[in-house]
Amino acid sequence: MELTELTITEAAELIKARKVSPVELTEAHLVRIERVDPRLNCFITLTADQALDSARRAQETIGQGSYLGPLHGIPLAVKDLYETAGIRTTAGSTFFTDYVPWQDCVAVQKLNAGGAVNLGKLNLHEIALGVTNNNPHYGACRNPWQLERTPGGSSGGSGAALAAGLCLGSLGTDTGGSIRIPASLSGVVGFKPTYGRVSTRGVIPLSWNLDHAGPMARGVRDVALLLQVIAGYDPEDPYSADMPVEDYVGGLEGGVRGWRVALASDAFFQRADDEVLAAVSEAGKVFSALGAQVSEVEIPDGRTAAMANGLMTTSDAAAFHQERLETQPLGFGEDVLQRLQTGAGFTSSEYILARRAQTTLRHQFERFFKEYDVLLTATTPIPAPLLEGPDAVEQARKLTRFTAPFNLTGLPALSLPCGFTRDGLPVGLQIVSASWAETRVLQAGYAYERDTDWHLRTPAL
C-alpha cells in the first residue's frame, strides 16, 4: 500500500513500531501533492519546509523514546479559517490575503501538542459562506471523483485533499453543513460535534451562533482520534461548553444491537435524488442486519430549521463583515456579496423569529432522542453537482437541505460514505443523535463502516 493511502490509525501503528518514519510519511504526501494538486487546487498555502521540519522533530523525539500518541508525526492539513502562527490565514478572501497570525488557534495548538505535522492550509468557499468551493480569488477546488464537479463546501479543500490522498486528516468548520457536505460529495468521513464541544477560539467566524469546528478523515476511527485531541472546554471561549470529554476511540466497538434507529421518511427528507434515497434505504437495512430496530419516522420540522439556519448564517456573517461590506463591497466575490447583502437586509423581527425557531426545535429534538438512539438521513439530497453551467447555482442551493437543521439545533452529526451513483459519485449517510452523544454517533458510524466497504474506494487520479 502507498503511504498516502494509509489511515491515521494504520500510519500511527507503523510510526510507533518504527516501521515508517514521520519524514518518510511527510515526504510521500508532499510528492503526491506536487503531482496531483495542480488538478484539484486543494491547497491555498503549502508549508512544505515547515512540515518537513516538524516531521524531523517528531522523528527525533520518537527515536528518543518519547511517543506523544496517535497523531505524532501524522501529516494533516487544516481549512484556511484556522489561525496558524507565522502562516497566513486567508479565509479564502482578499481581505485576509496578507493576514499572518502571531499564534495558533486552540484546535491547532492541540494538534501540535500531539505532535501532528501540518502540511498547510486548505482551500474553502470564500469566508466559508457557500458550499461549492468555487473560490474567485484562489481558484475553484475540484472533486477528485470527477474534476468538473464541486467537492462541496465550504471545507471543500479538506474533503478533496482527503479523497485524493494529499493528507491523512483535516479540520473543517460547519455552519450549515460545511464539514458534512464535502465529506458526502468527496466520499470521506466528516463529523460536526455538538455546538460548544470544540473550541472555535482563533477560527475566523462566519456565525458566532452556529459555527462548529470538527474533524475530517477517511474513516470513522480516524475522526474519533482527531476529535479526542481537539475536544474539550476552553474557558477563554465564550461559546465553549464545560462538558466532560468521553473516550471516543474506546467507545467505538460496542455495535448497535438493540438500538432504536430512526430512518427519516417524511416529505422533507424524501425530496432527494432516487439513487441517494436508495443508498440510504440500503444503509437502514444494514443497521437492521446489525441488530438495530429501524423505524421509518417523521422528524421535527426540517424545512423550518433549514430556513432559520440560513437566515441566521447570513445575518451573522453580515454583522462580522459589516465594515468591509459597507466600505469595500467589491472585495467580495459576487455570490458571497449577494448573500451578505441579503443577510444585512433581514429585520430584527425576522432574526428573533429564527432564534425562536431554534429554541423550539432544540426542545423538539431533545424529546425525539429520548425515543430514538440515532437518526439516519442522507447527508446531501443530490450527488456532487457541476461547478459551472446554467444549473450549477440552483443545484448548489439544495446541498444544505439535510445538514442545516442540525447546525441550528447544535446536534452532533456524522457523514460517511454509503454508496455510489451509476456515474461513480459518492453518496453520504448522515447519522445524528442527542446533544453530547458524540460517542453514540461514532459508535453507530463505526458499526456501519465495518460492515460495508464504501469507505475503501478511492478516485483514480
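Predicted model: local features only at pLDDT ≥ 70, side-chain atom pairs only at ≥ 80, totals over all residues.
What covers the buried residues of helix 5? The points below take up this question along with the sheet, the aromatic residues and a few individual positions.

1. In it, 11 strands make up an open sheet with mixed pairing, and their order is 1-3-2-6-8-7-12-13-11-9-10. Strand 1 (43-46) and strand 10 (293-297) are the edge strands, each of them pairing on one side only. Between neighbouring strands of this sheet the average turn is 30 degrees, direction ignored.

2. On helix 5. To return to the opening question, the cover over the buried residues of this helix includes strand 2, strand 3, strand 6, helix 6 (180-186) and strand 8. Helix 5 is mostly covered, since eight of its eight residues are buried; the buried residues are G156, G157, S158, G159, A160, A161, L162 and A163. Just after helix 5 comes G165, which takes a positive phi of about 75 degrees.

3. On N143, in the loop that leads towards helix 5. N143 is found in the loop between strand 5 (139-140) and helix 5 (156-163), and its relative accessible area is 0%, so that N143 counts as buried. The side chain of N143 makes polar contacts with the backbone at two places: it reaches the backbone nitrogen of W145 at 2.9 Å, and one of its polar atoms lies 2.9 Å from the backbone oxygen of T150. Leaving aside residues up to four places away in sequence, N143 touches L40, R149, T150, P151, L185, S186 and A384.

4. On strand 13. Seven of the seven residues of strand 13 (residues 426-432) are buried, and strand 13 is therefore largely enclosed by the rest of the structure. In a regular strand the side chains alternate between the two faces of the sheet. Here both faces of strand 13 are covered, with P426, G428, Q430 and V432 buried on one side and V427, L429 and I431 buried on the other.

5. On the partners of strand 13. Strand 11 (residues 374-378) runs antiparallel to strand 13 and is joined to it by four bridges, with T377 standing opposite Q430. Strand 12 also pairs with strand 13 in the antiparallel sense, over seven bridges, and A413 has V432 as its bridge partner there. Strand 12 and strand 13 form a hairpin with five residues between them, and in the turn G424 has a positive phi of about 85 degrees.

6. On strands 7 and 8, and the helices that pack on the sheet. Strand 7 (residues 189-192) and strand 8 (residues 212-217) run antiparallel and are joined by two bridges; V189 stands opposite A217 in strand 8. Helix 7 (residues 220-230) packs on the sheet, where it touches strand 2 (75-79), strand 6 (169-174), strand 7, strand 8 and strand 12 (413-420), and its direction makes about 140 degrees with that of strand 8. Helix 3 (residues 48-63), for its part, lies across strand 1 and strand 3 (117-122), running at about 160 degrees to strand 3.

7. On the aromatic residues. The structure holds 14 aromatic pairs. One of these is formed by F95 and F332, a tilted pair with 4.8 Å centre to centre and 55 degrees between the planes. This pair links distant parts of the chain, 237 residues apart: F95 is in the loop between strand 2 and helix 4 (106-113), and F332 is in the loop between helix 11 (322-327) and helix 12 (334-345). F95 is partly exposed, with a relative accessible area of 22%, whereas F332 counts as buried because its relative accessibility is 5%, under the 20% limit. Elsewhere, F365, F368, F369, Y372 and F406 form one aromatic cluster, and the charged end of R401 sits over the ring of F268, 4.0 Å from its centre.

8. On V106. V106 lies in helix 4 and is buried, with a relative accessible area of 9%. Apart from residues up to four places away in sequence, V106 touches S199, R201 and D234. V106 and R450 are 344 residues apart in sequence, and their C-alpha atoms are 32 Å apart in space.

Note on methods
Residues numbered from 1 in each chain as written. Heavy atoms only, no water. Pairing = 2+ DSSP bridges. Axes fitted to C-alpha atoms, helices over the stretch in contact; angles between N-to-C directions. Contact = heavy atoms within 4.5 Å. Phe/Tyr/Trp six-rings, centres within 6.5 Å; stacked < 30°, edge-to-face > 60°. Buried < 20%, exposed > 50% of the residue type's maximum accessible area, 1.4 Å probe, protein only. Lys NZ or Arg CZ within 6 Å of the ring centre and 35° of its normal. Polar contact = N/O pair within 3.5 Å; in protein donor to acceptor, adjacent residues only side chain to side chain.
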